[in-house]
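Below is a briefing on one chain, covering its fold, its surface and its side-chain contacts. The sequence and structure come first.

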Amino acid sequence: MDPITFGMISIGVAGGSLITVTVLDAYGFKVNETAIKIALEITKYGGMLYLLQHLTKLFL
C-alpha cells in the first residue's frame, strides 16, 4: 500500500471513530476518552513508522 492511500484510510478511520464516539456520547453512553486518545496516538505513531519505512526504501 502506498503512503497516500495509507494516510487517506487512517484519517478516514480516525474521523469515523470520532464521529461514532460523538454520537454515542450524545445518546448518553459512557465513553472512555483515555482509551480513545491512546488508540489515536498509536495509530499516529504507526503511520509515522510506516512512512519512515517507505522513505528508507526510496533512499537506501
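A salt bridge here is a side-chain nitrogen of Lys or Arg within 4 Å of a carboxyl oxygen of Asp or Glu. By that rule the structure holds 1 salt bridge. This is a predicted model, in which local features need pLDDT of at least 70 and side-chain atom pairs count only at pLDDT 80 or more, while totals for chains, interfaces and linings use all residues. Residues are numbered from 1 along each chain as its sequence is written, and side-chain values use heavy atoms, with hydrogens and water left out.

**Fold and dimensions**

- The chain has 2 helices and 0 strands (DSSP runs numbered from the N terminus: helices are H or I with at least four residues, strands are E with at least two).
- The radius of gyration is 15 Å, well over the 10 Å that the globule rule gives for 60 residues, so the chain is more spread out than a compact globule (taken over C-alpha atoms; the rule is 2.2 Å times the number of residues to the power 0.38).
- Along the principal axes, the C-alpha atoms fill a box of roughly 50 × 20 × 10 Å.
- Ser10 is in helix H1 (residues 3-26).
- Ser10 and Gly47 are 37 residues apart in sequence, with 7.9 Å between their C-alpha atoms.

**Burial and surface**

- Buried residues make up 2% of the 60 in the chain (buried is under 20% relative accessible area, exposed is over 50%, and partly exposed is in between, with a 1.4 Å probe and protein chains only).
- Ser10 is partly exposed, at 22% relative accessible area.
- A nonpolar surface patch is formed by Leu49, Leu51, Leu52, Leu55, Leu58, Phe59 and Leu60, with about 820 Å² of accessible area together (patch residues have over 30% relative accessible area and no salt bridge; like charges are joined within 9 Å, and nonpolar side chains, Val, Leu, Ile, Met, Phe, Trp and Tyr, within 5 Å).
- Leu52 lies in helix H2 and is exposed, with a relative accessible area of 51%.

**Contacts of Lys44**

- The salt bridge joins Lys44 and Glu41, at 3.2 Å from N to O.
- Both residues, Lys44 and Glu41, are in helix H2 (residues 33-59), 3 residues apart, about one turn of the helix.
- Lys44 is partly exposed at 39% relative accessible area, and Glu41 is partly exposed at 34%.
- Lys44 also lies over the face of Tyr45, 5.2 Å from the ring centre (a charge sits over a ring if NZ of Lys or CZ of Arg is within 6 Å of the ring centre and within 35 degrees of the ring normal).

Definitions and conventions
Areas by Shrake-Rupley, 256 points an atom, 1.4 Å probe, with all protein chains shown as cover.
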